[in-house]
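Hi,

Here is the structure I promised to pass on. Have it open while you read, and my notes follow below.

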Amino acid sequence: MRKLFAIMCTLCLMMAMLTGCGGDSTVQTSKPDEGAVEAAAGSDTMIALITMDSIDQHWVTLNEGAQKAAGELGVTVQFMAPNTKDDAQQIECVNNAVSAGAKAIIVAANGPDAISSALKEAADKGVKIVYVDSPANVEAEATFSTDNNAAGKTAGEEMKKALAENNVTSGAIGIINVNAATDSCVMREEGFRSAFEGTDFELLETQYGEGDAAKSQSIAENYITQGVVGIFGCNEGSTTGAGNAIKASGGASVIGVGFDKSDAIMGLIDGGFLRCTMAQNPDVMGYEGVQAAVKAINGESLGGAVTDTGVSVLAKEGGASDSGAADTPAAAASQEWKIALITMDSIDQHWVTLNEGAQAKAEELGVSVTFMSPNTKDDAQQIECVNNAVAGGYHAIMVAANGPDAISSALKEAADKGVKIVYVDSPANVEAEATFSTDNKAAGKTAGEEMKKALEAKGVTGGSIGIINVNAATDSCVMREEGFRSAFEGTDFELLETQYGEGDAAKSQSIAENYITQGVVGIFGCNEGSTTGAGNAIKASGNADIIGVGFDKSDAIQGLIGDGHLLATMAQNPDKMGSMGVEACVKALEGESLGGAVTDTGVSVLTK
């Protein structure tokens with residue numbers, strides 16, 4: 001059977017290369033769109049896309065994103081995947097891709113070890129490796145995946161909320177995973193379990209359904225006979241199986257929470273048989289994976305960067321919805337609700353872009369959004385903005401809080417008066433309808449890893465590193481610093497005491513100049529102003545050996561990266577925060593419960 005599979009896969013590849021199209025659904029080719037920008041790699045460049053299987057809607061959507069990028073860049077992407085999750089077949093796909101002359105392989109590995117030897121052999125032959133969704137234990141050019149541990153914990157929190165609503169504070173919970181080797185699903189389970197630490201719930205021994213909906217349903221049915229109060233599915237098939245079992249049992253009291261988005265899963269959510277699902281962005285993984293593969297083929301070093309492509313909580317008639325093209329457009333509001341958008345300041349390009357996303361969504365939904373922000377980061381001015389919004393009769397406030405406590409009293413008063421609160425970028429210590437932000441700690445750690453790689457490439461294994469933050473209270477930036485520092489634990493680098501520039505580029509430049517006089521080997525900026533200041537100081541010093549890494553995207557920062565004065569910046573998605581924030585405000589105002597869901601809007605590493 002495997003021999004037949006190998007023969008068929010190779011024949012399809014050969015035919016695809018000759019005719020420009022795949023022979024079946026497992027080998028799909030995209031040719032350049034008419035008028036597409038040609039990649040320097042050349043239009044005859046072939047990239048293999050190998051996922052865990054070719055059936056799950058998750059992988060089909062990932063392939064759609066990859067084909068879109070292929071068309072834009074003028075390369076060929078061939079979708080090669082077995083019909084079922086099987087290590088031997090995935091290894092054969094890797095070997096067949098090498099034999100067919102693939103310049104790069106984009107792969108979602110079944111597990112970290114099974115296909116590592118095959119990928120290592122491919123890499124030794126000059127084939128570029130890029131991971132999507134789930135990596136193996138072989139170095140790659142880049143990885144595009146979900147922060148699965150964080151997303152799994154969110155799933156656990158969602159189940160806890162649902163159980164609390166049913167007044168259930170203890171009981172057994174079943175977990176259906178794919179297998180014990182698939183890293184992405186293992187991390188989801190780990191995050192899910194962590195959400196229940198310190199509670200009276202008993203998380204049963206994990207059962208494995210190999211991602212097959214029928215097998216997973218059988219497992220879920222067994223769990224239900226044991227009297228579980230909840231079931232967690234770690235991927236599309238597991239989730240579908242869990243929902244089908246709950247539906248068949250008529251057990252509305254069993255809370256089902258899962259992972260991935262498909263028509264079947266959304267139908268089970270709408271029918272009330274699943275509480276929610278953690279929806280990834282597979283189209284983004286595929287699209288960015290192809291972009292990275294082409295860059296690597298063209299000789300660009302991507303440094304093995306890991307990019308979090310984000311996740312959203314999808315629930316019945318609500319939950320945070322991703323703004324991707326595959327989602328159903330939000331319904332227009334029943335009236336012209338007034339929404340105030342209050343960010344830390346009105347100058348940084350990050351906030352300007354966030355406002356642009358908010359305004360676009362406001363126009364789409366038929367509501368008004370007023371951008372009310374101080375010109376500089378100032379707690380008193382931000383409190384005044386909140387009070388002015390309440391006095392002005394605004395129905396909802398979208399806010400990026402300077403810190404967790406300073407404006408909490410003002411927000412609490414607003415909420416007590418019926419104003420809906422939604423956080424974007426940075427929350428305060430007041431309950432809100434929803435939060436849309438970056439996983440700042442994870443992104444900060446990525447920034448640290450980027451700096452370490454660059455220093456090691458220069459042969460630098462020790463020295464002092466300066467950190468420029470906004471202040472000691474802004475939660476988002478504090479978490480970025482915490483993540484950055486964690487990347488250097490156990491090394492010989494000395495991370496100096498943090499200096500605060502209030503997000504002002506000029507103040508931050510002065511701080512960076514002082515760091516440079518102390519002989520630092522690197523400087524990290526925690527936001528747009530800090531990063532711009534650090535880059536300007538490195539530029540003025542003329543010292544090309546100092547590694548500058550920062551946060552946020554602006555024309556100034558991009559220019560400093562392009563000129564070599566900054567190594568990289570962690571680019572958030574502020575337009576997404578603004579758009580999703582407005583949509584959440586409208587849903588809350590229309591009476592929908594969003595449950596305080598926290599949605600990670602993702603981050604990318606931008607380099608020269």
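Let me start with a loop residue: E502 sits in the loop between strand 22 (499-500) and helix 16 (505-517). (Helices, H or I with at least four residues, and strands, E with at least two, are DSSP runs numbered from the N terminus.) The phi of E502 is near 55°, a positive value in a residue other than glycine. Most residues other than glycine have a negative phi. E502 has a relative accessible area of 32%, so it counts as partly exposed; buried means under 20%, exposed over 50%, and partly exposed in between, with a 1.4 Å probe and protein chains only.

Before going on, a word on the source: this is a predicted model, where local features need pLDDT of at least 70 and side-chain atom pairs count only at pLDDT 80 or more, while totals for chains, interfaces and linings use all residues. Residues are numbered from 1 along each chain as its sequence is written, and side-chain values use heavy atoms, with hydrogens and water left out.

D133 also has a positive phi, near 75°. You'll find D133 in the loop between strand 5 (128-132) and strand 6 (142-145), and at 4% relative accessibility D133 is buried.

Next, two threonines. T309 is in the loop between strand 13 (305-308) and strand 14 (312-315), and T601 is in the loop between strand 26 (597-600) and strand 27 (604-607). How far apart are T601 and T309 in sequence and in space? They are separated by 292 residues in sequence, but by 7.7 Å in space, C-alpha to C-alpha. T309 is buried at a relative accessible area of 6%, and T601 is buried at 1%. Leaving out residues up to four places away in sequence, T309 touches F144, S145, T146, N281, V284 and M285; contact here means heavy atoms within 4.5 Å. With neighbours within four places set aside, T601 is in contact with F436, S437, T438, N573, K576, M577 and M580.

Now the core. The largest nonpolar core has 27 residues, and I339, V367, M398 and V582 have the most contacts inside it. (A nonpolar core is a set of buried Ala, Val, Leu, Ile, Met, Phe, Trp, Tyr and Cys residues joined through side-chain atoms within 4.5 Å.) Elements that each supply at least two residues of this core include strand 15 (338-342), helix 11 (349-365) and helix 19 (574-589). Helix 19 gives the most, with seven residues. As for M398, its contacts beyond four places in sequence include I339, V422, V424, V582 and C585.

Helix 15 is worth a look too. Its twelve residues (475-486) reach 16 Å from first C-alpha to last, close to the 16 Å expected at 1.5 Å a residue; the expected span is 1.5 Å times one less than the number of residues. Which residues of helix 15 are buried? They are S476, C477, R480, E481, G483 and F484. Seen down the axis of helix 15, these fall within an arc of 165°, so they line one face of the helix. (The arc is that of the directions from the helix axis to the C-beta atoms.) Among the elements covering the buried residues are helix 14 (440-457), strand 20 (462-469) and strand 21 (492-495).

The structure holds six aromatic pairs. Rings of Phe, Tyr and Trp (its six-membered ring) pair if their centres lie within 6.5 Å; planes under 30 degrees apart count as stacked, over 60 as edge-to-face and the rest as tilted. F484 and F488 have ring centres 5.2 Å apart and planes at 50°, so that pair is tilted. F488 also pairs with F493, edge-to-face, at 5.6 Å centre to centre and 80° between the planes. F484 is buried at 0% relative accessibility, and both F488 and F493 are buried as well. Elsewhere, F192, F196, F201 and F232 form one aromatic cluster.

Finally, charges over rings. R188 lies over the face of F259, 4.2 Å from the ring centre, and the charged end of K338 sits over the ring of Y394, 4.5 Å from its centre. The cut-off is NZ of Lys or CZ of Arg within 6 Å of the ring centre and within 35 degrees of the ring normal.

Cheers
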